[in-house]
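Please read these notes with the model open beside you.

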Amino acid sequence: MRTIDVLVQGATVELFHFYGVAIAPADSGESRDEALVHSDPASTVEFSAPGFSGVLALSAHPGVFRAMTGLPPTLDSVDDWMREVVNQLMGKVKSRLARFQIALHAELPQLRRASDVARRYRGSKQQFCYAFRTLKGEVVVTLGGDFDESSLVFSNSSPLPLDGKVILF
């Protein structure tokens with residue numbers, strides 16, 4: 001299993017557990033044949049750093065979002081919740097990569113059609129697809145772009161605070 005797989009899967013499981021949804025990885029691996037397809041809409045966030053640039057995308061069955069603590073009761077507000085969830089997932093991935101001396105810059109999250117996400121990944125050098133299962137449906141996370149895993153240099157010190165730490169302004 002690659003380092004990036006462990007980082008993304010761990011971040012996804014941790015995020016959904018925080019919102020009260022039991023989730024487990026179903027499959028992992030590099031995919032060029034787009035074996036995992038996002039459902040509409042998918043939320044995406046673009047990111048960049050030396051050696052790491054691309055797009056993180058997330059989609060889930062609406063039942064998964066309804067099961068999450070704090071979700072507004074109407075499906076009309078799921079779009080905002082999806083953008084928030086992918087933003088938080090990007091934050092968790094970013095903090096994990098900081099331990100490997102990678103300082104990501106993330107853009108604002110967007111909603112995209114599944115076909116737009118698939119089209120965006122076609123030009124990617126690498127694509128990693130992750131499927132997760134919950135009692136309420138499937139969650140799909142994809143990471144596409146240009147990743148140089150040889151640039152990952154682990155360090156015990158991190159420039160970012162650990163999850164749960166208070167940041168005073």
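1. Is Phe128 buried or exposed? Phe128 has a relative accessible area of 1% and is therefore buried. Buried means under 20% relative accessible area, exposed over 50%, and partly exposed in between, with a 1.4 Å probe and protein chains only.

2. A word on the basis of these values. This is a predicted model, in which local features need pLDDT of at least 70 and side-chain atom pairs count only at pLDDT 80 or more, while totals for chains, interfaces and linings use all residues. Residues are numbered from 1 along each chain as its sequence is written, and side-chain values use heavy atoms, with hydrogens and water left out.

3. Strands (E, at least two residues) and helices (H or I, at least four) are DSSP runs, numbered from the N terminus. E6 runs antiparallel to E7, and 9 bridges join them; two strands pair if DSSP finds at least two bridges between them. A hairpin is formed by E6 and E7, with 2 residues between them. Within this pairing, Gln127 stands opposite Gly144 in E7.

4. Thr142 lies in strand E7, residues 137-147. Its relative accessibility is 1%, so Thr142 counts as buried. Which residues does Thr142 touch, not counting residues up to four places away in sequence? Among them are His38, Val55, Leu56, Ala57, Val117 and Tyr121, and also Gln127, Phe128 and Cys129. Contact here means heavy atoms within 4.5 Å.

5. There are 5 aromatic pairs in the structure. Rings of Phe, Tyr and Trp (its six-membered ring) pair if their centres lie within 6.5 Å; planes under 30 degrees apart count as stacked, over 60 as edge-to-face and the rest as tilted. One of the pairs is Phe18 with Tyr19: the centres are 5.0 Å apart and the planes are at 85°, so this pair is edge-to-face. Phe18 counts as exposed because its relative accessibility is 64%, whereas Tyr19, with a relative accessible area of 10%, is buried.

6. The rings of Phe128 and Phe147 form a tilted pair, because their planes are at 35°; their centres are 5.6 Å apart. This pair links distant parts of the chain, with Phe128 in strand E6 and Phe147 in strand E7, 19 residues apart. Phe147 has a relative accessible area of 7%, so Phe147 is buried.

7. Finally, the cluster. Phe128 and Phe147 belong, with Phe47 and Phe52, to a cluster linked by ring pairs.
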